[in-house]
Amino acid sequence: MSDSYNFGSFADNTSGDGPGSLSGSKADKELQEFLLIEKQKAQLNAQIHEFSDTCWDICMDKPGTKLDSRTETCMVNCVDRFIDVSLLVTNRFAQLLQKSSGL
C-alpha cells in the first residue's frame, strides 16, 4: 500500500470535449483504485485499533503514568499473535479459494 497518490495524472487525462475535461473511463478507473487503497488503509487502521483495544483489556491491570515492562511485553506479544492469526486465517481462506476455483 502506498501512502500517496499521484493526483497529477487526473489533470493529464483530457478528451476532445474541451480544455481540461477528463477521459471518463481512465479517470473513473484511477478514482476507483484510489478509493480502494483508501478503504484498505481504513480497514487496516480499524483492525489495528481493535487489536489494541483487545490487548489493552487483556494486558492492562491498572493504568499508571507509564507502562511497566511486563505490560509493554504483553501488549507487543498480544498484538503480534493477533496479526499471526489473521495472516493464518487469510492464507487458509486463499488456499481454499484456490482449491475450489481449480475444480
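With a torsion of -75 degrees about the S-S bond, the link of Cys 59 and Cys 74 is left-handed, and the pair ties together distant parts of the chain, with Cys 59 in helix H2 and Cys 74 in helix H3, 15 residues apart. The model is predicted, and this link is one of the two disulfides that the structure holds.

**The disulfide of Cys 59 and Cys 74**

- The sulfur atoms of Cys 59 and Cys 74 lie 2.0 Å apart in the model, and the two residues form a disulfide.
- Cys 59 has a relative accessibility of 1% and therefore counts as buried, since buried means under 20% relative accessible area.
- Cys 74, with a relative accessible area of 22%, is partly exposed, because that class covers the range between the 20% limit for buried and the 50% limit for exposed.

**The disulfide of Cys 55 and Cys 78**

- Cys 55 is joined to Cys 78 by a disulfide with an S to S distance of 2.0 Å, and this pair too links distant parts of the chain, with Cys 55 in helix H2 and Cys 78 in helix H3, 23 residues apart.
- The torsion about the S-S bond of Cys 55 and Cys 78 is about -85 degrees, so the disulfide is left-handed.
- Cys 55, at 0% relative accessibility, counts as buried, and Cys 78, at 11% relative accessibility, counts as buried as well.

- When the bonded cysteines are counted along the chain, the disulfides follow the pattern 1-4, 2-3.

**The largest pocket**

- The largest pocket holds about 190 Å³ of space, and its lining is made up of Leu 44, Gln 47, Ile 48, Phe 51, Val 79, Ile 83, Ser 86, Leu 87 and Thr 90.
- Sorted by class, the lining of the largest pocket comprises six nonpolar residues and three polar residues, while no charged residues take part in the lining.

Conventions:
Residues numbered from 1 in each chain as written. Predicted model: local features only at pLDDT ≥ 70, side-chain atom pairs only at ≥ 80, totals over all residues. Heavy atoms only, no water. 1 Å grid on protein atoms, 1.4 Å probe; cavity = no way out; pocket = protein on both sides within 12 Å on 5 of 7 lines; lining within 4 Å. Points joined across faces, edges and corners; volume = space filled by probe spheres on them. Nonpolar A, V, L, I, M, F, W, Y, C, P; charged D, E, K, R; others polar. Disulfide = S-S within 2.5 Å. Helix = DSSP H or I, 4+ residues; strand = E, 2+ residues; numbered from the N terminus. Buried < 20%, exposed > 50% of the residue type's maximum accessible area, 1.4 Å probe, protein only.
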